Amino acid sequence: MTLDPALLARLGPLQVVARKVMEGVLTGLHKSPHHGQSVEFSEHKEYAPGDEIRHIDWRAFAKLDKYYVKRFEMETNLRALLVVDASGSMAYGRGAMTKLQYASVCAGALAYLLSRQGDQVGLCIAGDAGISPGVRDFLPFASSATHVQELLRMLEGSQGRGTTLLPAALDFAAEKAGRRALVVVLTDLFDATGEAVRALKMLRSRRHDVLLLQTHDREELDFPFDDPTRFLSMEDERQIEAQPRQIRESYLREMRLFLETTRKELARADVEVEQIATDAPPDRVLLRLLARREAA
Amino acid sequence: MLQFAHPAYLWGLLGIALPILVHLFNQRRPRPLSFGAIEFVLRSQRQKARRLRLRQILLLAMRCLLIGAVALALARPSLKPHGVQAAAASGPQATALVVDASFSMRYRLGSRTLFERARAEALATLDRLGPDEPATVGLCAGPAGFSGGMGAPSFDRLAARRLLQSAQPTYLGSDMTGCLAAAAKALGESPVAGKRIIAFSDLAAHSIRLDAPPPLVPPPPEAPAGTPGIRPNVVLVDAARGSDLSNAAVVGTVVRPSATLGPRGYEVVATIANSGAQPVSGLQVSLKLGPQTVAKGFVDVPARGTARKTLGAVLPPGVVSGRVELARSELQGLDEDDAQDFVVHVPRDLKALIVDGAPSSLRARDEAFFVEAALAPARTGGRIHAQTLDADAAANVPLDGYDVIVLLNVPAPPKAFSEKLRQAAQQRGAGIFIALGDHVDPDAYNDSLGELLPRPLHLIKTAAEPGTSGAEDHAARFGVLEWTHPLFRVFGPAEREGLESARTFRYALLKPEGQAHTLASYDDGAPALIEKAFGAGRVLLYTSSASRAWTDWPIRVSFLPVLQQAVSWLADALEQRQPAVAMVGEERTLSAAGGARVEKVLGPDGQPVTLRRETSHPDDGVVPIGAPGQYRALIGLRGVEPREEPALTFVAALDPRESDLRRVDEAELKAQLGGAGSAQVAASAAAAQGAHGTPLWSGLLLLGALALLGEGALTRR
């Protein structure tokens, strides 16, 4: 069964929607010849003064006659930070969901998935000023069920408004992610400063695994307007009157160029990009994404 | 000025409001939309804003143009020359196309003649007429107005086209005023209310009578009496398009004997006219006899004036055809009037033997004194060579070589001389002139000359004794004279008195025997001059003396021409009266002498001319003269092969007015045609559209189609 966004929109709270999407993904994974993402790997660290005695791997001492501290269980757990753009432009969407709602569903489903396999999940709501420039809200890493519920509540409570300060939010995320982590950025990347791509690349340069879910409304991709329209910016005071039919060709060219340039530039920086439209079933999108990551 | 055939369609111009409304609708206040990707909208709009604005304006213009052009085209607009509007009636008009086919339309202007231009423009005008407009075509030439007449306007365009296409210019003059009046009359036969005349002409002043009433279309027959005529719209198209039509022409040629040039010397006086605004200098004039140029000269002709040039030449005897020709290098002008033909009958030289019957050492008393004086070379131009012998000497000379033998008071000649006279007259056609005197014995004369005499002499009558008192009152005078005879033809009515006043004191009475023709008789009825054909020759008997012995006629001025004519007449070398020059467009009746019939007349091109026969004179030929040049007649008796008769040769000349191409004043012409309200003088074919003007609808449709294409191209983008 496909989880159509329109259907999801009718399901109610984000917790329900996100769980439904997560279940859809899991169903897809079971049908898949792959068995999901494995993050297991081991690591021993030679004991040094200051290390917890209780963490000494006595079995290894028995074999090797050296003290090794068993660290892998704790340190190989995935730390995933979901960065959701809640700027004004993400509030656009005249269909079943706004871009922000769609991004929230995807983020919530990912949070379920990650916490289900024991990974820690954090959330950063990017937007205008909040707890930090460009960060409206932040939820630290955790993997408990209550944490996920808290994360979902935060997502549901976020509203798209204000200007995009994604670079600042990404810097904040890089700071909070600490060591290597999976950073999932859900945004339309409509950044007036043009610094968002640079910030993503910077994030990747800090050895974070960066996944960009570039979310757009179908109308932004197809520009299907006919009547004379005064286009109002959702983030600032800009506005313009235009004949959509007359500028459609030019608009689509510009949009294609933007998407293509973004994708290529980030691909060169080893940033995985998934460009999605809000009319696509989110479970399919996530399934495709996970399958691709496993194949890689 | 713009005119519309169907002005109701102009309401369609309101349709232009539609694209304007669409444009304004598109410019209406747009609905607001908060849009995430506004950055791309801004970029696109920046790129296309200027182009889009221009495109919108172009689109609006194309749509307005499309609707406007279609609406205007449906209204069938036409462009009329200024001034025609007032005269133009709306709706269809019966149209008369009048093409000037006069000689002046042969004027070459560039590569075409005025007539060719006029014909082409008339054909184009015919094509432009509306389908509901009947038309008629007439060629204006000659005094009769239209050659071939002008029928009622009809819709038979094919016939009208054929008539125009086959039309050729004539050598005739034209009466454009009469043609316009006739065209107006023809228009009266059409039921169509609108009336229009379009005339194509050189607008030469000579063809238009400014004092004539303007052309009027007669009212319909069913109209009540007293209904005034309708004034038609008249458009006169200037085939020359305002060009100055300068032209030099030979407009007159006079040929006359010139004593200073010797025997058969003639001078040809050519009158050359210049109708141009600039004087012509050094214009070469040539006198040609056949292909040979015998004299040449140069003449200066003032602007709008004439000049005469006299050229002399010694002409051969007989009928001489010649031509006076202008040598001109200009490419434009009238060619046909640059030369004029002439025909002159040059009498042949003749030799006369004067037999003096009463010679005297005193010249004044010599019997041959007056005759010699009359035939002196100074008085005959050297044409008559006279030799005087006394009777004895004359009897011993051979008479061969003499054309005329003049016997003056000669005693009855011996039989041998008489026989020689008889043979000369009968066989060689020599002429014999016999004058009497005291040496003449009637009976001896009758015996000696016998049948040579027109009538036998009877006796000598003395009307009065010369020198006695009252003799002049009793003397005989000429009573009846045959003035039409060549001997007396030179006498005009004013000069006849000089002949009638001569007094004759003594003369011979003749016996009423024989067949002779009395040319003159005295007041008592007795013959004075009597002639008789004898064989191939003639004998002329003067019943009195050629000296002052019996009459005072020899001392009167009338004696000299009669004697000269008599000698020429007898020698069949009479100086013919020069044939009058005929004018093109006239008719000339040719009558052959001696009961012969004018069988054929060859025109200037050598082709036979169709003759007209009068029922009263079936042998005469009436020659319609259609072209300038020389006309030669062939005559013949029935059953005999026709031969050319040089005496009937004549020359036809062009009407000199046709060589004057000065244009009529346009303002005066318009006034004559009824004023600018109903008359228009157009300078071009396009302006000659008359009430219709130049149609614009096809161009408008093309414009509309282009606008449609442009609109489509702009919309697709």
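The model is a prediction, with local features needing pLDDT of at least 70 and side-chain atom pairs counting only at pLDDT 80 or more, whereas totals for chains, interfaces and linings use all residues. Residues are numbered from 1 along each chain as its sequence is written, while chains are lettered from A and ligands numbered from 1 in the order in which they are written.

Chain B holds 15 helices and 35 strands; helices (H or I, at least four residues) and strands (E, at least two) are DSSP runs, numbered from the N terminus.

One open sheet of chain B has five strands in the order β7-β4-β8-β9-β34, with parallel pairing; strands pair if DSSP finds at least two bridges between them. The edges go to β7(B) and β34(B), each with a single partner strand, so one side of each has no neighbour in the sheet. From one strand to the next, the twist averages 15°. At the β34(B) end, β9(B) and β34(B) are joined in the parallel sense by four bridges, and Val237(B) has Ala682(B) in β34(B) as its bridge partner.

Helix α5(B) lies across β4, β7, β8 and β9 of chain B and runs at about 155° to β4(B). Axes here are lines fitted to C-alpha atoms, for helices over the stretch in contact, and angles run from 0 to 180 degrees between N-to-C directions. The twelve residues of α5(B), 176–187, reach 16 Å from first C-alpha to last, close to the expected 16 Å (1.5 Å times one less than the number of residues). Ten of the twelve are buried, so α5(B) is largely enclosed by the rest of the structure. Among the buried ones are Met176(B), Cys179(B), Leu180(B) and Leu187(B), and the buried set packs against β4, β7, β8 and β9 of chain B.

Elsewhere in chain B, helices α3(B) (114–128) and α4(B) (157–166) pack at an angle of about 170°, with axes 10 Å apart. That makes the two roughly antiparallel (over 145 degrees; under 35 is roughly parallel, 65 to 115 roughly perpendicular and the rest oblique). Arg119(B), Ala122(B), Leu123(B) and Leu126(B) of α3(B) meet Arg157(B), Ala160(B), Arg161(B) and Leu164(B) of α4(B).

Between the chains, the contact takes 21 residues from chain B and 27 from chain A. On the chain B side, α2(B) gives the largest share, eleven residues. Strand β8(A) (229–233) pairs with β2(B) in the parallel sense over five bridges, with Phe231(A) opposite Leu33(B).

Two residues of chain A have a positive phi of about 65° without being glycine: Leu189(A) and Asp270(A). Leu189(A) sits in the loop between β6(A) and α8(A) and is buried, with 23 other C-beta atoms within 10 Å. Asp270(A), in the loop between α10(A) and β10(A), counts as exposed with 11 C-beta neighbours inside 10 Å.

How values were computed:
Two residues are in contact if their C-beta atoms, placed from the backbone, lie within 7 Å. A residue is buried if 20 or more other C-beta atoms lie within 10 Å of its own, exposed if 12 or fewer, and partly exposed in between; C-beta atoms are placed from the backbone.
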